[in-house]
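Have a look at the model first, then read on.

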Amino acid sequence: MKGYASEGQAYGGGTASVDNTGLLWRRLRYRDFRSEDLSSQIDVLGKLAIGGFEHDLVIGAEAFRFDIDQLLKQQPRPQWATYGIDVYNPVYGQARPDLTVSAMDSDQRERGTAIYVQDQIGLSPQWKLLAGVRHDRYRQHIEDRAAGTTTNQQPSATSPRLGLTWLPSQTLSIYASVGRSFRPNQGTDANGTAFDPESGTARELGLKWQSTDERLGGSVSLFDIRKHNMLVPDPNNTDFSIAAGEIRNKGLEVELAGWIARNWRVAISYTYLDSELKQFPRHSGSAFVVREMPLADGMLLGLGGGFTHVGERTGDTGVPVLPAYTTAKLTGYWRVSKALRVSLDVDNVFDKTYYASAYNNVWVTPGNPRTVTLGVQAKF
C-alpha cells in the first residue's frame, strides 16, 4: 500500500464545530507499507481402533513467516486546521503541505511454528470425548526507527482443549467444551514497545438437533470467552493500540435452518452478546424464508425474503454511537434446467440509511443503498 491521502479529522472544535461552521480539519499523509506473508500447514487424519475404542485422530504442524515494513509520514498537527476544507462548499486543489513528521517508521519480522494433536474418542454409542493440545513457538523482531527502539521476544505456549458430547437420541446431542488460545500481537504501542501475545480461555455449552430425515436442524449454545492482552485503540493516540488487561465476552447463539414444510425453506439466527467492548452489538439476528415451486419439465421457481438486524454499537475507538438498523432482502430464482439458473436479488429493499461501521467520529462507513443483482449460473 503506497501513496498520499487527505484524511478528515475532528480535532479542535470536534464534530459539532463541523456541523456549525462546515470546516473539517484535514491531515495529509504518505504511506509506504510493504509486507510478505508465507504460511504452510500439513495434517494427517486417521480412524483407529485402540483399546476397544474408536479414535478419530488429527496430527498436524504449521509454520509461518511474516515481514512488514511500514513508513507513515504526515504534516504537523498545527497545520491540520489550515489544510481544512468546507464540507458545505468544498474548494479542491490546495497546495500539498510538507510532510515533516514520521508518525510510523518500523520494520517487523515474525516467525512461528506449531504442532498439534487432537483425538475424538468414542467411549460408547452415546458418549464421545474430544481431547487436544497445541504448542506454539514464536519469534518477533521489531525495529521502530521512529521511536529509536529495537525489541526481540520469543514467547511460547501450550494450549489444551477438552470436550464431551452426549447423544441421548439419534437426533439430539448435548456438548460442553473448554479450551485455551494463543495469538501473537503485531506492532508496537506509541512508545515503540512491543506487545505481549494474546491469550484466552473459551467455554461453551450447547445443544444440537437434527430431524430424522436430516432436512431440518438447529442449535443453541452458551459461550464465555475471556482474553488477556487483547489490542484496542489507544484513546490518546488512535494511530496506535494498547493492550487491555482482560476482556470478557459471553452470550447466546440460536440457529435453525432447513425445510420446515414441503417446498418451504428457512434460515433463522439470533445472537445475544454481553461484551465489555461496546463495538459489538448486544442483539443481532436474521431470518430468511424461501418458497420453492416445481414447474413442468424439471424447472423450479423460488421466491423468498427476509431481514437482518444489527443492534446499537460504537465505533472502534468507542465513538460515535451507531444506531441499530434493520434491512430487508428479496430474492427470486428460476432453475431453467439442471445446467442453467437465473436469479434476482434485492438487498436493502426500502433503501434504508444506516451506518455499517466506524473508526471514530469522522471515519464512518455508510451502509450499502438498495442494490439489485441479476445473476446467471451455468454448468458445462
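Is Tyr325 buried or exposed? With a relative accessible area of 13%, Tyr325 falls under the 20% cut-off and therefore counts as buried. Keep in mind that this is a predicted model.

**Aromatic pairs**

A pair of aromatic rings is described by the distance of the centres and the angle of the planes. There are 5 aromatic pairs here. One of them is Phe64 with Tyr138, a stacked pair with 6.5 Å centre to centre and 25° between the planes. Phe64 belongs to strand E3 (residues 53-74) and Tyr138 to strand E6, so this contact ties together parts that are 74 residues apart in sequence.

Tyr325 is in strand E20 (residues 325-337), and Tyr354 is in the loop between strand E21 (340-347) and strand E22 (355-358); the pair links distant parts of the chain, 29 residues apart. Tyr354 has 14% relative accessibility and counts as buried, and Tyr325 is buried as well.

**Arginines over rings**

Two arginines lie over tyrosine faces. Arg26 is over the face of Tyr83, 4.3 Å from the ring centre. Arg96 does likewise with Tyr4, at 3.9 Å from the ring centre.

**Salt bridges**

The structure holds 19 salt bridges.

| Salt bridge | N to O distance |
|---|---|
| Asp67 and Arg65 | 3.5 Å |
| Arg145 and Asp69 | 3.1 Å |
| Asp105 and Arg145 | 2.7 Å |

Which side chains does Arg145 meet in salt bridges? Arg145 pairs with Asp69 and also with Asp105. Arg145 lies in the loop between E6 and strand E7 (149-153) and Asp69 lies in strand E3, so the bridge between them ties together parts that are 76 residues apart in sequence. Asp105 is in strand E5 (residues 101-122), so its bridge to the Arg145 loop joins parts that are 40 residues apart in sequence. As for accessibility, Arg145 is partly exposed at 35% and Asp69 is partly exposed at 26%. Asp105, at 17%, counts as buried.

Elsewhere, Glu7, Arg27, Arg29 and Arg31 are linked in a network of salt bridges.

**A nonpolar patch**

Which residues form a nonpolar patch on the surface? They are Phe53, Leu123, Trp127, Leu164 and Trp166, and together they have about 440 Å² of accessible area. Trp127 is part of strand E6 (residues 127-144), the strand that also carries Tyr138. Why does Trp127 count as partly exposed? Because its relative accessible area is 37%, which lies between the 20% limit for buried and the 50% limit for exposed.

Technical notes: Residues numbered from 1 in each chain as written. Predicted model: local features only at pLDDT ≥ 70, side-chain atom pairs only at ≥ 80, totals over all residues. Heavy atoms only, no water. Patch = residues over 30% accessible without salt bridge, like charges linked within 9 Å, V, L, I, M, F, W, Y side chains within 5 Å. Areas by Shrake-Rupley, 256 points an atom, 1.4 Å probe, with all protein chains shown as cover. Salt bridge = Lys/Arg side-chain N within 4 Å of Asp/Glu carboxyl O. Helix = DSSP H or I, 4+ residues; strand = E, 2+ residues; numbered from the N terminus. Buried < 20%, exposed > 50% of the residue type's maximum accessible area, 1.4 Å probe, protein only. Phe/Tyr/Trp six-rings, centres within 6.5 Å; stacked < 30°, edge-to-face > 60°. Lys NZ or Arg CZ within 6 Å of the ring centre and 35° of its normal.
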